[in-house]
Amino acid sequence: MKKQLDLTLYLVLDPLLCGGISGMVNTTKIAVKNGVTAIQLRSEKELAGKDWYQAALALKEALSDTPIPLFINDHVDIALAVNADGVHIGQSDLPADVTRQLIGKDKWLGLSISNRQQLDTTPWQLIDYIGIGPIFPTTTKKDATAALGTEQLTKLVELKQRPAVAIGGIDENNVTNVIQTGIDGVAVVSAICGKKDIQQATLSLINKIKQAK
């Protein structure tokens, strides 16, 4: 059965910030209990392919009794190997049509967008949601493009044809402004990953999101 697609608070896991596989699993369990609505395992060179598989497998198990979907970033092979709920791709990854062909119709597919040109060429019929960013300067993604800001985000939100989640430098201090652009939700990394109190960090974000909607 296909899990729900709720982009309200989308947690992107970073193995370095979270403290390896066990840290990512622990973070996920606490975050999901306190309001996170989607989980993504993001690929970084710090983990080898076998380790990514083990991490994905552990996260899939941790989410098995929840309605929360697991997305794998970039690695379609790992997503298929662990039967993840979806895949998220960037502009330089496999094309959306190829990815969709590989994962079939029963998995969610997300695509990253960082400007108007990319939005205008988005194959809306193939994808389920877009990720727009970076909104603010970010240190968790080494190849991030220039920050868009909330004014540009508002313009892109008005043109989208699918649900969208904003990402990049979003935390409890600026999440209200981001939600007020009309975006469906926010994706965060360091605002939850690596925090001393995962529960409090998650609750603070979800409460501010609800208040801003």
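Is Leu 102 buried, partly exposed or exposed? Keep that question in mind while opening this predicted model, and select Leu 102 at the outset: the residue is partly exposed, with a relative accessible area of 44%, a value that falls between the 20% limit for buried and the 50% limit for exposed.

**First stop: the surface around Leu 102**

**Second stop: helix H3**

Select residues 49-62 next, which form helix H3, a helix of 14 residues that reaches 20 Å from its first C-alpha to its last, close to the 20 Å expected at 1.5 Å a residue. Show the side chains of Trp 52, Ala 55, Ala 56, Leu 59 and Ala 62, the buried residues of H3. If you turn the view to look down the axis of H3, these buried residues fall within an arc of 120°, so they line one face of the helix. The spacing is in keeping with a general rule: an α-helix has 3.6 residues a turn, so residues three or four places apart point the same way. On the other side of H3, select Lys 50 and Glu 61, both of which are exposed.

To see what lies over the buried residues of H3, display the elements that cover them, which include the strands E1 (9-13), E2 (38-41) and E3 (70-73), together with the helices H1 (15-18), H2 (20-33) and H4 (76-81).

Move to Asp 74, in the loop between E3 and H4, where phi is positive, at about 70°, although the residue is not a glycine. Asp 74 counts as partly exposed, at 28% relative accessibility. Continue to Asn 83, in the loop between H4 and strand E4 (86-89), where phi is again positive, near 55°, in a residue other than glycine. Asn 83 counts as partly exposed at 46% relative accessibility.

**Last stop: a cis peptide bond**

Finally, select Gly 133 and Pro 134, which are joined by a cis peptide bond with omega of about 0°. Pro 134 lies in the loop between strand E6 (129-132) and helix H7 (149-159). As background to these last two stops, most residues other than glycine have a negative phi, and most peptide bonds are trans.

Definitions and conventions: Residues numbered from 1 in each chain as written. Predicted model: local features only at pLDDT ≥ 70, side-chain atom pairs only at ≥ 80, totals over all residues. Heavy atoms only, no water. Helix = DSSP H or I, 4+ residues; strand = E, 2+ residues; numbered from the N terminus. Expected span 1.5 Å × (residues − 1). Buried < 20%, exposed > 50% of the residue type's maximum accessible area, 1.4 Å probe, protein only. Arc of directions from axis to C-beta. Contact = heavy atoms within 4.5 Å.
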